[in-house]
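Please open the structure in the viewer and keep the sequence at hand.

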Amino acid sequence: MERTFVLVKPDGVQRGLTGEVISRLEKRGLKLVAAKFLAVPESLAEKHYAVHKGKDFYPGLIRYITSAPVMAMVWEGTNAVAAVRQTMGATRPWEAAPGSIRHDFALEVSRNITHASDSVENAAGEIALWFAENELVDWQQCTDTWIFGKN
Ligand code: DAT
Ligand code: MG
(Lines give C-alpha, C1' and ligand atoms only; values in the text may rest on other atoms or scores of the structure.)
(Ligands and ions follow the chains in the order given, each with its own letter.)
Protein backbone atom coordinates (compact mmCIF):
# COMPACT_ATOMS: atom_id res chain seq x y z
CA MET A 1 0.00 0.00 0.00
CA GLU A 2 1.31 3.46 -0.90
CA ARG A 3 2.56 5.77 1.84
CA THR A 4 3.08 9.52 1.92
CA PHE A 5 4.61 12.05 4.28
CA VAL A 6 2.53 14.91 5.69
CA LEU A 7 3.35 17.94 7.83
CA VAL A 8 0.98 20.27 9.59
CA LYS A 9 3.25 23.28 9.35
CA PRO A 10 3.71 25.93 12.08
CA ASP A 11 0.78 28.07 10.93
CA GLY A 12 -1.52 25.05 10.94
CA VAL A 13 -0.45 24.07 14.44
CA GLN A 14 -0.67 27.63 15.77
CA ARG A 15 -4.13 28.11 14.28
CA GLY A 16 -5.44 24.92 15.89
CA LEU A 17 -5.88 23.12 12.58
CA THR A 18 -3.91 19.96 13.41
CA GLY A 19 -7.07 18.07 14.28
CA GLU A 20 -8.86 19.35 11.18
CA VAL A 21 -6.08 18.09 8.90
CA ILE A 22 -5.97 14.71 10.64
CA SER A 23 -9.75 14.47 10.58
CA ARG A 24 -9.95 15.12 6.82
CA LEU A 25 -7.29 12.49 6.07
CA GLU A 26 -9.02 9.98 8.37
CA LYS A 27 -12.41 10.64 6.83
CA ARG A 28 -10.97 10.30 3.32
CA GLY A 29 -10.06 6.74 4.34
CA LEU A 30 -6.31 7.09 4.77
CA LYS A 31 -4.65 5.15 7.56
CA LEU A 32 -2.24 6.78 10.03
CA VAL A 33 1.10 4.96 10.14
CA ALA A 34 3.25 7.34 12.19
CA ALA A 35 3.04 10.71 13.92
CA LYS A 36 5.21 13.00 15.98
CA PHE A 37 4.98 16.56 17.24
CA LEU A 38 8.30 18.36 17.18
CA ALA A 39 10.24 21.57 16.86
CA VAL A 40 12.12 21.20 13.58
CA PRO A 41 15.91 21.54 13.85
CA GLU A 42 17.46 23.74 11.15
CA SER A 43 19.48 20.81 9.80
CA LEU A 44 16.30 18.78 9.25
CA ALA A 45 14.52 21.74 7.64
CA GLU A 46 17.44 22.20 5.23
CA LYS A 47 17.39 18.52 4.24
CA HIS A 48 13.61 18.49 3.84
CA TYR A 49 13.62 21.56 1.60
CA ALA A 50 16.97 20.88 -0.14
CA VAL A 51 15.24 20.93 -3.54
CA HIS A 52 14.36 24.61 -2.98
CA LYS A 53 17.86 25.74 -1.91
CA GLY A 54 18.93 28.80 -3.92
CA LYS A 55 15.39 30.03 -4.61
CA ASP A 56 14.47 33.50 -3.37
CA PHE A 57 11.87 32.16 -0.93
CA TYR A 58 14.20 29.51 0.58
CA PRO A 59 15.60 31.51 3.56
CA GLY A 60 12.07 32.57 4.57
CA LEU A 61 10.82 29.01 4.13
CA ILE A 62 13.49 27.67 6.52
CA ARG A 63 12.75 30.45 9.04
CA TYR A 64 9.02 29.66 8.87
CA ILE A 65 9.25 25.88 9.19
CA THR A 66 11.60 26.19 12.20
CA SER A 67 9.60 29.01 13.85
CA ALA A 68 7.15 26.85 15.83
CA PRO A 69 6.31 23.15 16.23
CA VAL A 70 4.95 20.93 13.47
CA MET A 71 3.02 17.67 13.38
CA ALA A 72 4.84 15.16 11.15
CA MET A 73 2.90 12.13 9.92
CA VAL A 74 2.90 9.19 7.56
CA TRP A 75 -0.40 8.19 5.95
CA GLU A 76 -1.15 5.09 3.93
CA GLY A 77 -3.77 4.21 1.33
CA THR A 78 -4.56 3.58 -2.31
CA ASN A 79 -2.71 6.23 -4.37
CA ALA A 80 -1.89 7.97 -1.09
CA VAL A 81 0.55 10.48 -2.63
CA ALA A 82 -1.89 11.86 -5.20
CA ALA A 83 -4.92 11.57 -2.92
CA VAL A 84 -3.28 13.53 -0.11
CA ARG A 85 -1.95 16.23 -2.48
CA GLN A 86 -5.52 16.61 -3.71
CA THR A 87 -6.88 16.91 -0.18
CA MET A 88 -4.23 19.59 0.57
CA GLY A 89 -4.88 21.57 -2.63
CA ALA A 90 -2.53 23.53 -4.87
CA THR A 91 0.58 25.18 -3.40
CA ARG A 92 -0.86 28.64 -4.04
CA PRO A 93 -4.05 28.77 -1.95
CA TRP A 94 -5.88 31.02 -4.43
CA GLU A 95 -5.46 28.24 -7.00
CA ALA A 96 -6.48 25.42 -4.64
CA ALA A 97 -9.71 23.60 -5.42
CA PRO A 98 -12.71 24.54 -3.28
CA GLY A 99 -13.04 22.02 -0.48
CA SER A 100 -9.29 21.44 -0.24
CA ILE A 101 -7.47 22.39 2.96
CA ARG A 102 -5.44 25.17 1.35
CA HIS A 103 -8.56 26.61 -0.25
CA ASP A 104 -10.61 26.42 2.91
CA PHE A 105 -8.02 27.68 5.41
CA ALA A 106 -5.27 29.66 3.63
CA LEU A 107 -4.59 32.73 1.51
CA GLU A 108 -0.80 33.02 1.28
CA VAL A 109 1.65 30.63 -0.42
CA SER A 110 4.02 31.25 2.49
CA ARG A 111 1.35 30.21 5.04
CA ASN A 112 -0.30 27.26 3.32
CA ILE A 113 -0.83 25.03 6.40
CA THR A 114 0.49 21.68 5.19
CA HIS A 115 3.18 19.79 3.34
CA ALA A 116 2.58 16.55 1.46
CA SER A 117 5.03 14.53 -0.65
CA ASP A 118 4.72 15.11 -4.41
CA SER A 119 5.83 11.68 -5.69
CA VAL A 120 6.14 8.11 -4.44
CA GLU A 121 9.92 8.39 -4.66
CA ASN A 122 10.04 11.65 -2.67
CA ALA A 123 7.59 10.20 -0.15
CA ALA A 124 9.99 7.33 0.57
CA GLY A 125 12.86 9.79 1.04
CA GLU A 126 10.87 12.12 3.29
CA ILE A 127 9.51 9.26 5.43
CA ALA A 128 13.08 7.99 5.93
CA LEU A 129 14.28 11.52 6.74
CA TRP A 130 11.64 12.19 9.42
CA PHE A 131 11.02 8.75 10.92
CA ALA A 132 13.03 5.72 12.01
CA GLU A 133 11.87 2.41 10.54
CA ASN A 134 10.63 1.25 13.97
CA GLU A 135 8.38 4.33 14.31
CA LEU A 136 6.23 3.20 11.37
CA VAL A 137 3.32 1.14 12.65
CA ASP A 138 1.97 -1.74 10.56
CA TRP A 139 -1.56 -2.35 11.75
CA GLN A 140 -4.94 -3.66 10.68
CA GLN A 141 -7.86 -1.26 10.90
CA CYS A 142 -11.30 -2.81 11.13
CA THR A 143 -12.44 -0.63 8.21
CA ASP A 144 -9.66 -1.83 5.86
CA THR A 145 -11.84 -4.03 3.64
CA TRP A 146 -14.57 -1.35 3.55
CA ILE A 147 -12.13 1.28 2.28
CA PHE A 148 -9.43 -0.66 0.42
CA GLY A 149 -11.60 -3.54 -0.79
CA LYS A 150 -11.92 -4.37 -4.49
CA ASN A 151 -14.66 -6.45 -6.07
P1 DAT B 1 4.23 22.23 -2.05
O2 DAT B 1 4.31 22.56 -0.58
O3 DAT B 1 2.84 22.35 -2.58
O4 DAT B 1 4.87 20.92 -2.39
P5 DAT B 1 6.59 23.46 -3.24
O6 DAT B 1 7.31 22.18 -2.97
O7 DAT B 1 6.67 24.04 -4.61
O8 DAT B 1 5.06 23.37 -2.82
O9 DAT B 1 7.16 24.58 -2.26
C10 DAT B 1 7.38 24.26 -0.90
C11 DAT B 1 6.84 25.37 -0.05
O12 DAT B 1 7.60 26.56 -0.28
C13 DAT B 1 5.39 25.75 -0.34
O14 DAT B 1 4.47 24.95 0.35
C15 DAT B 1 5.37 27.17 0.13
C16 DAT B 1 6.76 27.69 -0.17
N17 DAT B 1 6.78 28.40 -1.44
C18 DAT B 1 6.74 27.87 -2.69
N19 DAT B 1 6.77 28.83 -3.62
C20 DAT B 1 6.84 30.01 -2.94
C21 DAT B 1 6.88 31.37 -3.32
N22 DAT B 1 6.88 31.74 -4.60
N23 DAT B 1 6.93 32.30 -2.34
C24 DAT B 1 6.92 31.94 -1.03
N25 DAT B 1 6.88 30.67 -0.60
C26 DAT B 1 6.84 29.72 -1.53
MG1 MG C 1 6.80 20.28 -2.42
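A pocket, as the word is used here, is an open set of points on a 1 Å grid over the protein atoms alone, with protein on both sides within 12 Å along at least five of seven lines. The model on display is predicted.

**First stop: ligand 1**

Select ligand 1; the space that it takes is the largest pocket. Next, display the residues that surround ligand 1: Lys 9, Tyr 49, His 52, Phe 57, Leu 61, Arg 85, Thr 91, Arg 102, Val 109 and Asn 112. Coloured by class, this shell divides into 4 nonpolar, 3 polar and 3 charged residues.

Begin with Thr 91, where a polar side-chain atom lies 2.5 Å from an oxygen atom of ligand 1. Proceed to Asn 112, which has a polar side-chain atom 2.9 Å from an oxygen atom of the ligand. For Arg 102, the corresponding distance from a polar side-chain atom to an oxygen atom of ligand 1 is 3.0 Å. Ligand 1 taken alone exposes 520 Å², and the protein buries 73% of that area.

Select Ile 113, in the loop between α6 (101-105) and β4 (114-116). Is Ile 113 buried or exposed? Its relative accessible area is 0%, so Ile 113 counts as buried, the cut-off for that class being under 20%. Ile 113, although not a glycine, has a positive phi of about 75°.

Move on to His 115, which is found in strand β4. His 115 is buried as well, with a relative accessible area of 11%.

Select Asn 79 in the loop between β3 (70-76) and α5 (80-88). Asn 79 is another residue other than glycine with a positive phi, here near 50°.

**Last stop: Phe 37**

Finally, select Phe 37 in strand β2, which covers residues 31-38. Why does Phe 37 count as exposed? Its relative accessibility is 51%, and the exposed class requires a value over 50%. To conclude, select Phe 148 together with Phe 37: the two residues are 111 residues apart along the chain, and their C-alpha atoms are separated by 28 Å.

Definitions and conventions:
Residues are numbered from 1 along each chain as its sequence is written. Chains are lettered from A and ligands numbered from 1 in the order in which they are written. This is a predicted model: local features need pLDDT of at least 70, side-chain atom pairs count only at pLDDT 80 or more; totals for chains, interfaces and linings use all residues. Side-chain values use heavy atoms; hydrogens and water are left out. A residue is near a molecule or strand if one of its heavy atoms lies within 4 Å of it. A polar contact is a pair of N or O atoms within 3.5 Å; within protein, one must be able to donate a hydrogen and the other to accept it, and residues adjacent in sequence count only if both atoms are side-chain atoms. Accessible areas come from the Shrake-Rupley method with a 1.4 Å probe; for residues, only the protein chains shown count as cover. On a 1 Å grid over the protein atoms alone, a cavity is a set of points where a 1.4 Å probe fits but cannot get out, and a pocket is an open set with protein on both sides within 12 Å along at least five of seven lines; lining residues have an atom within 4 Å of a point. A molecule sits in a cavity or pocket if more than half of its atoms lie within 2 Å of its grid points. Ala, Val, Leu, Ile, Met, Phe, Trp, Tyr, Cys and Pro count as nonpolar, Asp, Glu, Lys and Arg as charged, and the others, Gly among them, as polar. Helices (H or I, at least four residues) and strands (E, at least two) are DSSP runs, numbered from the N terminus. Buried means under 20% relative accessible area, exposed over 50%, partly exposed in between (1.4 Å probe, protein chains only).
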